[in-house]
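Student: I am new to this structure. Please pick one part and take me through it closely.

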Amino acid sequence: MHDELVDHLTRSSPLSRGEALRVVQDVLAYFDETTEDFVRRRHRELQAQGLVNATIFERIEADLRYRTVAPPELSLRQLRRIVYG
């Protein structure tokens, strides 16, 4: 999976094919996080920094504007409706 990206990384960096594959897998796993999982994780991280909920939720709201998260799972019917309306 993602052979073109792995090939690009091996050509453009000192990474071996195995290292490039691990990097791609790590990045994809990072962005595979659902919105709910991201919110829960960020809340725990910010709480551990001693922030209060009012500040935490404002920060999470701002983070979500720029964060790529996994899309919700869609049924076949929902996919068809996207295409055909």
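Tutor: Helices here are DSSP runs of H or I with at least four residues, strands are runs of E with at least two, and both are numbered from the N terminus. Phenylalanine 57 sits in helix 4 (residues 53–66). Residues are numbered from 1 along each chain as its sequence is written. The model is predicted, so local features need pLDDT of at least 70, side-chain atom pairs count only at pLDDT 80 or more, totals for chains, interfaces and linings use all residues, and side-chain values use heavy atoms, without hydrogens and water.

Now to glutamate 33. The loop between helix 2 (17–31) and helix 3 (35–48) holds glutamate 33. Glutamate 33 is buried because its relative accessibility is 14%; buried means under 20%, exposed over 50%, and partly exposed in between (1.4 Å probe, protein chains only). Leaving out residues up to four places away in sequence, glutamate 33 touches Phe38, Arg41, Arg67, Val69 and Ala70. Contact means heavy atoms within 4.5 Å. With arginine 41, glutamate 33 makes a side-chain to side-chain polar contact at 2.9 Å. A polar contact is a pair of N or O atoms within 3.5 Å; within protein, one must be able to donate a hydrogen and the other to accept it, and residues adjacent in sequence count only if both atoms are side-chain atoms.

Arginine 67 lies over the face of tyrosine 30, 4.2 Å from the ring centre. That label requires NZ of Lys or CZ of Arg within 6 Å of the ring centre and within 35 degrees of the ring normal. Tyrosine 30 is partly exposed because its relative accessibility is 44%.
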